[in-house]
Amino acid sequence: MHPRPLIAATAGLTVLSAALTGCGIIGGQSADLQIYSARHYDLEGAFGQFTDETGITVEFISGDDAELLERLKAEGADTPADIFLTVDAGNLWNAARQGELAELDSPVLDDAVPEDLRDAQGQWYGLAMRARTVTYNPDAVDPAEFDATETYAGLADPKWKGRLCMRDATSAYTQSLVASLIDLHGREEALKIVQGWVANDVEIMGNDVLLLEAIDAGSCDVGINNHYYLARTLAENPDLNVDLFWASQAGAGTHVNISGAGVVEGSDNAEDAQRLIEWLATDGQNPFVDGNHEYPVNPAAEPEPLIAEFGEFKRMPLNAEAYGDLNAEAVDLLAEAGYK
């Protein structure tokens, strides 16, 4: 390993653009590993435990996924980054396609991470899984009303008119869900589904927490949420009047996405970077996912108690290439349908 430029907590901010939110160092002032992270939660606990167990220190810089990827590309071979950690499989697929991630040879990761939650060439691996499913107000909805086979498409039925609230079209969650619908049904049918949501006067909201609050308050009956937002809100307010329905259990399964990471191409410390990713996928699974109520990707790890109460579910196989390659088409489809 050659000496790397140290970006101290304050100095680092001066070289980042305004949208990046900050950086931190775990284990000392001169970190062994630098991580560009679009994951904005639960970095310190897991990475601190890794440092305690291995002596390898970690520095992380948080920011928007697209901006961090552009920063990697701009820095090229001079980048100080060793790991790119981001949310959304489409973002990971895109980073690999643009040549920013190295191919790993890791039997540990291949064994720990299911095949559809990692890149076939070993350029990225899923580390935490989030399910995007239906939530509802039990005072207003009988779960038998949902289409158990095509739950997302079923919300286009006129019986849901004036009862829906969903995330905005700029959300990566919305775009990847629609990309998965295009992948599953084809563009024409996916367009009909989204047009049906719009025809039902769907109320568009800026984040999942607002959506849950609206359901709890009875201002809408049904929404589509990432499961961990419901878990977080229930942890703070056990009386929240919102229940979860696992979508499409009689069909393709519930839509899922991941947080994941890859070693940056040309990393000066690729061996330790791979070691950290391997740790996060094995011994570090629960420290990494539990604080945010996410599901471990490693089948050997148990979900934390609150989300375990949601019960087991069948998940839709994740197609990262579809999420990434169909993103532009999903954005275009949302606009064509008049979805804001």
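Student: How many disulfides does the structure hold?
Tutor: One, counting a disulfide as a pair of cysteine sulfur atoms within 2.5 Å. This is a predicted model, where local features need pLDDT of at least 70, side-chain atom pairs count only at pLDDT 80 or more, and totals for chains, interfaces and linings use all residues. Residues are numbered from 1 along each chain as its sequence is written, and side-chain values use heavy atoms, leaving out hydrogens and water.

Student: Which cysteines form the disulfide?
Tutor: C165 and C220, with their sulfur atoms 2.1 Å apart. The link is right-handed, with 45 degrees about the S-S bond. C165 sits in strand 6 (residues 164–167), and C220 in the loop between helix 9 (208–217) and strand 8 (222–226), so the pair links distant parts of the chain, 55 residues apart. Helices (H or I, at least four residues) and strands (E, at least two) are DSSP runs, numbered from the N terminus.Student: Is C165 buried or exposed?
Tutor: Buried, at a relative accessible area of 0%. C220 counts as buried too, at 3%; buried means under 20% relative accessible area, exposed over 50%, partly exposed in between (1.4 Å probe, protein chains only).

Student: Switching topic: at what angle do helix 7 and helix 8 cross?
Tutor: Roughly 135 degrees, and the axes of helix 7 (residues 172–185) and helix 8 (residues 187–199) come within 7 Å. Axes are lines fitted to C-alpha atoms, for helices over the stretch in contact, and angles run from 0 to 180 degrees between N-to-C directions.

Student: What does that make the two helices?
Tutor: Oblique to each other. Under 35 degrees counts as roughly parallel, over 145 as roughly antiparallel, 65 to 115 as roughly perpendicular, and the rest as oblique.
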